[in-house]
Amino acid sequence: MTYRPTDGGTPEESAEGSSSRRSFLRVTGAAGLGAAALAAGAGEAFAAPGGDQPDADRSGADDERGVASDRPAGTRPPVRTGTGLDRLPHPLIVGHRGAPGYRPEHTLGSYDLALRLGADVIEPDLVPTKDGQLVVRHENNIAETTDVADRTEFASRRTTKTIDGVAQTGWFTEDFTLAELRTLRAKERLPQQRQRNTLYDGRWAIPTFREVADFARKRGRELGRDVWVYPETKHPSYFRSIGLPLEERLADELRRTGLAGRNGRAILQSFEPSSLQRLAKLVDNPKIFLLSGPTSKPYDFVLSGDKRTVADLVRPENLRWIAGFAHGIGPTTTLIAPVDATGKLLPPTTLVRDAHAANLLLHPYTVRNENAFLPLDYRRGTDPNAYGDAIGWAKYLYELGVDGFFTDQTDTSVLARQDFWDAKGAH
């Protein structure tokens, strides 16, 4: 998902159970970052090419042996999906690209830290290589997230392309083989805003989706709980147009890694309805339709001539249409909690109520600590890069009734959720 400034460890012994894990996180909160930061270096071992791969023929339920399957923690969800999602804590905490508030996004180090800070789910964005492998990057243009610009052997690959109607100049994953991409190293995408993350520039490679799925499975066993992944198909119409369709490749990887099916520990997401509809014919995983700003359109709508905007799609009749192919929506937070031109909160919309009435979950994006990404009501001071009251903002969203959200700083959201649970008497 795209940064929009206007939008608004754990115990090591699994035998201690889920209640002790929640107690630990509540007590340590952000302080747990220190211990987790030391542990997060372990992700580097998984970043090397040629690491062990998941078994090819595992069933979606294989990890339920030895992984805690107690009644889900938290509040009672207003919507039941009939999928494995119903077993996850409510509200859900999604490590948005891992823990990019503390580590370069979409690296195994970032995912590792998100899980150790308490994320229930980690999110990999998927783009293909020239030879059809799915790798994990926010965009296929890797100019800002890798060291490719410093690699003279790839200087001739720099080009300009039009992606979803927008001209971009840089280096693109579809022009590289997986072997070539493995020679690159990840770096911080927002170095001016998150300068401390630059400490880790060059530490991790670009992972494949299979490596992230394998990593999640192994970490889940170590942590004694199910770890879900939340892959997004990026620019699916564009990639289909150049002969690199994402959906069939993703379905194949889900089967290979034992993540396919209604209980397969993978939630599928896209900004394009046609991508989710195509995936529905291939695998039976839960699906979430992402929604950007109210005047925007899904790009497959632009191509097909569908006149509906996001403002149209959040109306009750269109929410019922969405429920025909998705289990929920992932709206930008401003579709739920709008702000005025100064960034000050306006009264909330009826989207939470309307979506639940259509039997849809809501997983909005993205909750971040920095003032630049917070509503004016929760900013502290004038420095856009300083932290505001992100815990208060997260609790406000929980009180509005969301079923979870994407976050860049997992520990902050864990604290806010525990406060919310305590206030509701949830266990």
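Which residue takes a positive phi in the hairpin of E5 and E6? In this predicted model, that residue is Asp164, with a phi near 50°. Two residues lie between the strands of this hairpin. Strand E5 covers residues 159–163 and strand E6 covers residues 166–170; the two pair in the antiparallel sense, with five bridges between them.

Strands of a sheet pair through backbone hydrogen bonds, either parallel or antiparallel. Here seven strands form an open sheet with mixed pairing, and their order is E4-E3-E8-E9-E10-E11-E12. At its edges are strand E4 (134–136) and strand E12 (361–362), each of which pairs on one side only. Within the sheet, strand E9 (residues 268–270) and strand E10 (residues 287–291) run parallel and are joined by three bridges. Ser270 can be found opposite Phe289 in E10.

Helix H4 (residues 108–116) packs with helix H6 (residues 209–223) at an angle of about 30°, and their axes are 11 Å apart. Because angles under 35 degrees count as roughly parallel, H4 is roughly parallel to H6. The crossing of these two helices is right-handed. On the H4 side, the contact is made by Leu108, Tyr111, Asp112, Leu115 and Arg116, while H6 contributes Val212, Phe215, Arg219, Glu222 and Leu223. Sorted by class, the contact of H4 with H6 comprises six nonpolar and four charged residues, with no polar ones.

Terms used. Residues are numbered from 1 along each chain as its sequence is written. This is a predicted model: local features need pLDDT of at least 70, side-chain atom pairs count only at pLDDT 80 or more; totals for chains, interfaces and linings use all residues. Side-chain values use heavy atoms; hydrogens and water are left out. Axes are lines fitted to C-alpha atoms, for helices over the stretch in contact, and angles run from 0 to 180 degrees between N-to-C directions. Helices (H or I, at least four residues) and strands (E, at least two) are DSSP runs, numbered from the N terminus. Angles under 35 degrees count as roughly parallel, over 145 as roughly antiparallel, 65 to 115 as roughly perpendicular and the rest as oblique. A crossing is left-handed if the near helix is turned anticlockwise from the far one by less than a right angle, and right-handed if clockwise. Contact means heavy atoms within 4.5 Å. Ala, Val, Leu, Ile, Met, Phe, Trp, Tyr, Cys and Pro count as nonpolar, Asp, Glu, Lys and Arg as charged, and the others, Gly among them, as polar. Two strands pair if DSSP finds at least two bridges between them.
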